[in-house]
Amino acid sequence: MPPFPAMPVRLGAHVLEGHTLRVWGATDVLTVSFPLEGVARVRALPDWRAETLTYPHVPPKHSFAGVPQDTGLTPDVHEDGPHLTARAGGLSVTVDRASGAWIITNDAGDPLAAALDWRANGGSDRARSTLTLHAPARAAYLGFGEKVGPLDKRGLSFTFWNTDCFPHHTESDPLYASIPFTTRLLDGRASGVFLDETWRMDVDVARTHPHELRWASAGPSLDVYVIDGPHPTDVLRRYAALTGHAPLPPLWALGAAQSRWGYESEHDLTHVIRGYRERDLPLDSVYVDIEYMDAFKVWTFDPGRFPDPARTVRDALAHGVHLVPIVDPGVKQEAGYRVYDEAVRDDHLVRTARGDVLVGEVWPDPAVYPDFTRDEVVAWWAEQHRVFADLGITGQWNDMNEPAAFSVRGDPAAEGKTLPNDARHGLRTHLEVHNAYANGMSAATRQGYARYAPHARPWVLTRAAYAGIQKHATLWTGDNTSTWSHLALSLPMIMGLGLSGVPFAAADVGGFHGDTTGELLTRWYQAAVGYAFLRNHSAKGSVMQEPWRFGEPYLSVIRDALRLRARLLPHLYTLAWQAAREALPVMRPVALHHPDDPHAAHDDTTYLLGDALLVAPILHAGHTRRLVNLPGARPWAAVFNLTPGTQVHPGGHAAVADAALDTLPLYLRAGGAVPLTEPAPHTTTARWAHLTWLIHAGDAVHGALYEDDGDGHGPHRLTELTGALDGATLTLTRTTHGDLAVDRPHDTLVLLGLPDGDVRVTGAAHWTRDAHAVHVTAPADWTTLTVQVQA
Ligand code: MIG
């Protein structure tokens with residue numbers, strides 16, 4: 001614990017009101033509260049009148065992250081000279097009233113956050129509110145939302161200011177989303193810090209000073225949540241309890257998706273769907289970019305290119321393909337256009353500092369901006385989605401919602417391709433709510449589909465975001481490029497989003513900007529088998545990059561990768577369900593499950609699907625071999641391309657993976673059990689007619705399978721597989737919960753890691769053994785199987 005620094009006396013009196021402790025002095029107010037078990041909150045606010053009033057003024061907070069403001073545990077408060085300590089929910093906050101510094105420890109005595117210095121500067125344009133937290137030397141800092149760089153952000157600095165960065169590079173910052181939340185990993189122990197501030201902010205992650213994590217906000221105050229672990233999954237769970245859980249997506253959204261800024265008509269969509277079907281490539285959705293609109297007017301269709309949109313949607317669905325249209329927030333300024341007329345009539349638009357409706361330029365030109373920071377505007381925008389829901393659309397792609405502006409009328413100096421800092425959102429300035437703009441837009445989209453297509457689960461993609469976005473939408477990482485460096489970057493970037501509460505993020509497969517190649521596209525598809533969604537997307541002017549555009553061998557290998565993805569869907573869908581319940585991301589950094597592993601915080605090139613399947617893609621041109629860090633104490637079986645092999649590697653070591661173009665290195669940890677199915681042209685339900693458990697026998701076997709209709713809100717069933725290998729005997733038990741009956745004729749079990757010898761199975765009538773595995777056909781109603789090996 002660092003010593004409290006010497007500073008002028010800042011704070012004096014205190015009062016406990018309800019569950020909030022307030023401490024105040026001549027210029028500042030601190031409030032301390034405990035919203036949940038394991039979470040402490042410290043707000044720092046300026047108050048110039050504090051000395052003249054018996055009771056300092058603390059304005060109510062509107063959290064754009066959606067954190068409830070009126071719940072909490074009541075702390076015990078204890079005074080010890082200048083130190084004031086509040087304790088609740090397993091945490092203590094000690095404030096040194098002389099200096100204003102504060103420190104948060106848990107009941108085990110671990111210091112989770114120590115504020116060496118802070119200033120709440122009242123929000124004048126030039127002054128900034130600052131917070132300096134002690135950064136222990138060995139700590140890694142993960143998360144911070146959608147950021148470039150490695151998984152561990154120590155030594156970097158970032159700005160939170162949602163920006164349309166076209167195209168971005170591997171060093172670009174800021175990008176499209178702002179999630180000021182980090183998980184600190186220190187000696188295998190995790191804790192979190194979340195600053196619930198939408199104002200433009202900067203963070204310096206032990207870059208300028210090696211022992212300081214420095215935050216600076218353009219806003220008047222600081223709202224800090226400190227979250228206890230000890231495990232990184234605990235931090236994520238508590239962050240989701242504060243800011244919300246992501247809803248379960250429909251199964252189809254996890255299937256293969258194709259997109260192109262350049263599919264311009266019904267004919268183009270039909271053509272691409274046929275291209276997939278003719279080549280026997282799985283396809284579940286096609287994203288429809290801006291050209292479908294009539295003169296870029298949102299909620300319209302160009303009558304020439306889409307004469308009958310209902311037919312277009314229906315015909316695609318008949319091929320098992322969902323269409324996902326893009327929607328931009330900018331509304332064309334055109335009298336007589338219904339959306340614009342309503343927005344003006346009902347005062348829904350962002351205004352200039354002078355009070356006029358702000359006019360900018362985006363794809364529609366001139367364009368006006370709905371003010372999604374106000375509830376009535378969100379409700380109005382939600383109603384617009386009826387146009388799409390009535391056509392049978394249930395997925396949507398919200399773009400340009402930083403918001404982006406190519407230019408702003410009357411503001412030739414418009415900075416950063418967005419609205420001016422002093423633009424007005426009701427009573428708030430743009431500088432305050434810019435980062436929150438996309439959350440309101442995406443909330444409206446989810447509300448709209450929930451209302452007008454209640455039979456379906458909405459699938460909402462957004463480019464921009466603030467903390468809490470996961471309740472409404474998921475992110476793709478915007479305009480990446482068709483380069484190997486962007487393929488490699490996609491892993492830490494998506495995992496960083498996963499550690500920031502966004503479990504379903506993904507990057508554009510093949511790269512958006514620039515020309516991809518057959519090899520890059522192929523390796524990208526392999527690397528992306530575990531992206532939460534798998535969308536090939538590219539920009540106008542770049543080479544076409546559907547899976548067949550580069551001929552053989554690429555087409556065949558991409559088809560294999562898409563089939564691998566299709567086989568993994570029972571597992572991926574179960575992970576999606578776990579993401580919705582427990583806030584664990586689909587693509588998990590090794591550090592999430594192995595915080596003790598010395599290499600995990602710096603492992604940017606592999607990821608886990610669940611806790612037992614490790615994906616180690618090739619990320620460099622021409623490479624056919626790589627090193628793989630295999631974490632933990634248990635052995636890992638090589639299951640390249642999901643095929644049982646002969647190699648088993650010890651945990652806690654690196655392995656060498658040989659991977660020619662047609663090979664994706666995968667490893668299954670001892671004890672891991674992963675549910676797989678057969679590839680299909682597109683998804684139908686998540687009640688799998690074919691089910692294979694790939695199991696690596698170990699001392700503690702565990703696997704899970706979540707099944708339901710794949711969409712909507714019907715019955716479900718959870719199957720859990722447990723078991724243990726004891727000497728030469730493997731026992732497996734299957735239990736099920738839930739109200740969904742599943743009727744498949746049998747389960748197939750593929751068992752790795754058994755000792756050599758003849759096999760006898762009790763509980764099944766059919767089994768075989770080959771060089772790599774034991775294959776068991778288990779009856780539909782099996783509950784227990786015993787596999788005995790005789791030497
Ligand atoms: O100004 O809609 O990131 O995915 O294809 C570019 C056209 C606007 C940016 C998105 C990209 C999309 C493109 N959009």
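The legends below describe an overview and several close-up views of a predicted model of a single chain.

**Figure 1. Overall fold of the chain in the predicted model.** The secondary structure of the chain amounts to twelve helices and 50 strands. Its radius of gyration is 27 Å, close to the 28 Å that the globule rule gives for 791 residues, so the chain is as compact as a globular protein of that length. Along its principal axes, the C-alpha trace spans about 85 × 70 × 50 Å. Of the contacts between residues at least 6 apart in sequence, 68% join residues that are at least 24 apart.

**Figure 2. Surface and charge of the chain.** Buried residues account for 62% of the 791 residues, and the accessible surface comes to about 27200 Å², of which carbon and sulfur atoms contribute 52%. The chain carries 66 positive and 90 negative side chains, and the centres of these two sets lie 1 Å apart.

**Figure 3. The annotated segment at residues 584-672.** An unreviewed UniProt entry places the feature "domain: Glycosyl hydrolase family 31 C-terminal" at these positions.

**Figure 4. The cis peptide bond between D173 and P174.** Most peptide bonds are trans. The bond from D173 to P174, however, is cis, with omega near -5°. P174 lies in the loop between strand 12 (157-160) and strand 13 (177-178), and D173 is placed in the loop between strand 12 and strand 13 as well. When its neighbours within four places in sequence are left aside, D173 is in contact with K147, S157, F158 and T159. D173 and L732 are 559 residues apart in sequence, and their C-alpha atoms are 50 Å apart in space.

**Figure 5. The loop between strand 25 and strand 26, with M400 and P403.** A cis peptide bond joins E402 and P403, with omega about -5°, and P403 is found in the loop that runs between strand 25 (395-398) and strand 26 (407-408). M400 also has its place in the loop between strand 25 and strand 26. Most residues other than glycine have a negative phi. In M400, by contrast, phi is positive, near 60°, although this residue is not a glycine. M400 is buried, because its relative accessible area of 5% is under the 20% limit.

**Figure 6. D347, a residue with a positive phi.** D347 is not a glycine, yet its phi is positive, at about 60°. D347 is found in the loop between helix 4 (338-345) and strand 23 (360-361). The relative accessible area of D347 is 34%, so this residue counts as partly exposed.

**Figure 7. A310 in helix 3.** Helix 3 covers residues 309-318, and A310 has its place within this helix. At 26% relative accessibility, A310 counts as partly exposed. A310 and I393 are 83 residues apart along the chain, whereas their C-alpha atoms are separated by 9.1 Å.

Technical notes
Residues numbered from 1 in each chain as written. Predicted model: local features only at pLDDT ≥ 70, side-chain atom pairs only at ≥ 80, totals over all residues. Heavy atoms only, no water. Helix = DSSP H or I, 4+ residues; strand = E, 2+ residues; numbered from the N terminus. Rg over C-alpha atoms; globule rule 2.2 N^0.38 Å. Buried < 20%, exposed > 50% of the residue type's maximum accessible area, 1.4 Å probe, protein only. Contact = heavy atoms within 4.5 Å. Areas by Shrake-Rupley, 256 points an atom, 1.4 Å probe, with all protein chains shown as cover. Lys, Arg positive; Asp, Glu negative; His and termini not counted. Charge placed at Lys NZ, Arg CZ, Asp CG, Glu CD. UniProt positions renumbered as here; feature names shortened; annotations may be inferred.
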